[in-house]
Amino acid sequence: MSVAETLRVARLPKPDGAVVALTVTLLALALFANEQLAASIDFTLSSLLGVLPFLLVSVALAAGAKASGADALIARAFVGREVQMVAFAALIGALSPFCSCGVIPVIAALLSMGVPLAPVMAFWLASPIMDPTMFVLTLGTLGLDFALAKTAAAIGVGLLGGYGTYALTRAGALADPLREGIGNGGCGAASIRSHKPVVWRFWGDDARLAKFSRASFDTLLFLGKWLALAFLLESLMLAYVPAEAVRGLVGDGGFLSILVATLVGVPAYLNGYAALPLVGGFIQQGMAPGAGMAFLVAGGITSIPAAIAVWALAKKQVFALYILFALAGSLLSGVLFQLAVRA
């Protein structure tokens, strides 16, 4: 065995970001703020217990979609007239079980298969904002009004981007949106190429039941560790971030505060599920609901991992358009939600 092969065999697994962040944060508390350690752990465990029913429902929804093959229904949004496809794509995007990064291979497959850019853009923008898991967890952390408004924001941003792109493509712009060498999305896009029927009663099939069990465990582990980190950070924010500072920056619900939340939301968090408790904590500290909505929507679409993936996939013009629609839609969502709250 060569030296290179030996190094590949001996290569350590990639560290888990959430676990590393949790460990580092707890160690830092133990070393530098030991008086806060017990309170933060108690807050984190209590918060996890409170959200547990919603977490279990969201896990069942996500695993059930994979086990039954319901995620294959997404392909049905991309047939018919382009104007209709945009509307269906925005709706399906808000309901599909894809995160901001997980949707990337699906987008690559759709574009390489010849689906017009306009409905793909609608799906691309709507998908990371809301999904069944996100809805249930938003309901549990921020309430029904916020969950419904965020769903409407997902559809609205998708429509804005889809029809805006449609107008540009009709004018002859944005031809060949993918970068050179981008393929069909690989195995991550298999669901949109699948024509197999959905098996809703998947528990009668041993293979599908096993798939449900694996997906449930993986989803529970994924969401659990990120929510634990989020609640731990929320406990620190409530302990150390002055409420007056939050209210002064994003508390009045005016256009400027919502704009600030939109711009800050772009790179501010790495995982949309973890952002929910953080925004809940900010709102407790005085953040305006409209600013919280803008922060969540902007961060979901344009967080750094997702933006890097889009940059790698699409040409510069498409990437710039994606960012423009994301920011405009996030700002508009925040303003409209703030007006609705005040009404």
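Over residues 319-341 the chain is 100% helix and 0% strand, with the end C-alpha atoms 33 Å apart. Helices (H or I, at least four residues) and strands (E, at least two) are DSSP runs numbered from the N terminus. The structure is a predicted model, in which local features need pLDDT of at least 70 and side-chain atom pairs count only at pLDDT 80 or more, while totals for chains, interfaces and linings use all residues. Residues are numbered from 1 along each chain as its sequence is written, and side-chain values use heavy atoms, with hydrogens and water left out.

The span 319-341 is listed by UniProt, in an unreviewed entry, as "transmembrane region", together with residues 48-65, 86-115, 135-160, 220-243, 255-279 and 291-313. UniProt positions are given in the numbering used here, feature names are shortened, and annotations may be inferred rather than shown by experiment. Residues 48-65 are 100% helix and 0% strand, and the end C-alpha atoms of this span lie 24 Å apart.

**Helix packing**

Two packed helices are described by the angle between their axes and the distance between the axes. Here axes are lines fitted to C-alpha atoms, for helices over the stretch in contact, and angles run from 0 to 180 degrees between N-to-C directions.

| Helix pair | Axis angle | Axis distance |
|---|---|---|
| H12 (residues 255-265) and H14 (residues 289-302) | roughly 25° | within 7 Å |
| H8 (residues 144-170) and H16 | about 140° | 9 Å |

Angles under 35 degrees count as roughly parallel, over 145 as roughly antiparallel, 65 to 115 as roughly perpendicular and the rest as oblique. H12 and H14 are therefore roughly parallel to each other. Their contact (heavy atoms within 4.5 Å) is made by Ser257, Ile258, Ala261, Thr262, Val264 and Gly265 of H12 and by Gly290, Ala291, Ala294, Phe295, Ala298 and Gly299 of H14. H8 and H16, by contrast, are oblique to each other. In this second pair, residues of H8 including Asp145, Phe146, Ala149 and Leu168 meet residues of H16 including Leu321, Phe325, Ser333 and Phe337.

**Individual positions**

Alanine 326 belongs to helix H16 (residues 316-342). It is buried, with a relative accessible area of 0%; buried means under 20% relative accessible area, exposed over 50% and partly exposed in between (1.4 Å probe, protein chains only). Neighbours within four places in sequence left aside, alanine 326 is in contact with Leu125, Ile301 and Thr302. Its C-alpha atom is separated by 9.3 Å from that of glycine 300, 26 residues apart along the chain.

Alanine 298, in helix H14, is also buried, at 1% relative accessible area. Alanine 298 and isoleucine 129 are 8.5 Å apart, C-alpha to C-alpha, although 169 residues apart in sequence.

Threonine 219 is found in helix H10 (residues 206-240) and counts as buried at 13% relative accessibility. Beyond its neighbours within four places in sequence, threonine 219 is in contact with Val59 and Ala62.

**Nonpolar cores**

A nonpolar core is a set of buried Ala, Val, Leu, Ile, Met, Phe, Trp, Tyr and Cys residues joined through side-chain atoms within 4.5 Å. The largest has 58 residues, of which Phe78, Leu125, Leu137 and Ile301 touch the most other members. Helix H6 (residues 117-126) gives the most to this core, with eight residues. A second, separate core of twelve residues includes Ala18, Leu37, Leu229 and Ala274. Ten of the ten residues of H6 are buried, so this helix is largely enclosed by the rest of the structure; among them are Pro119, Trp124 and Leu125.
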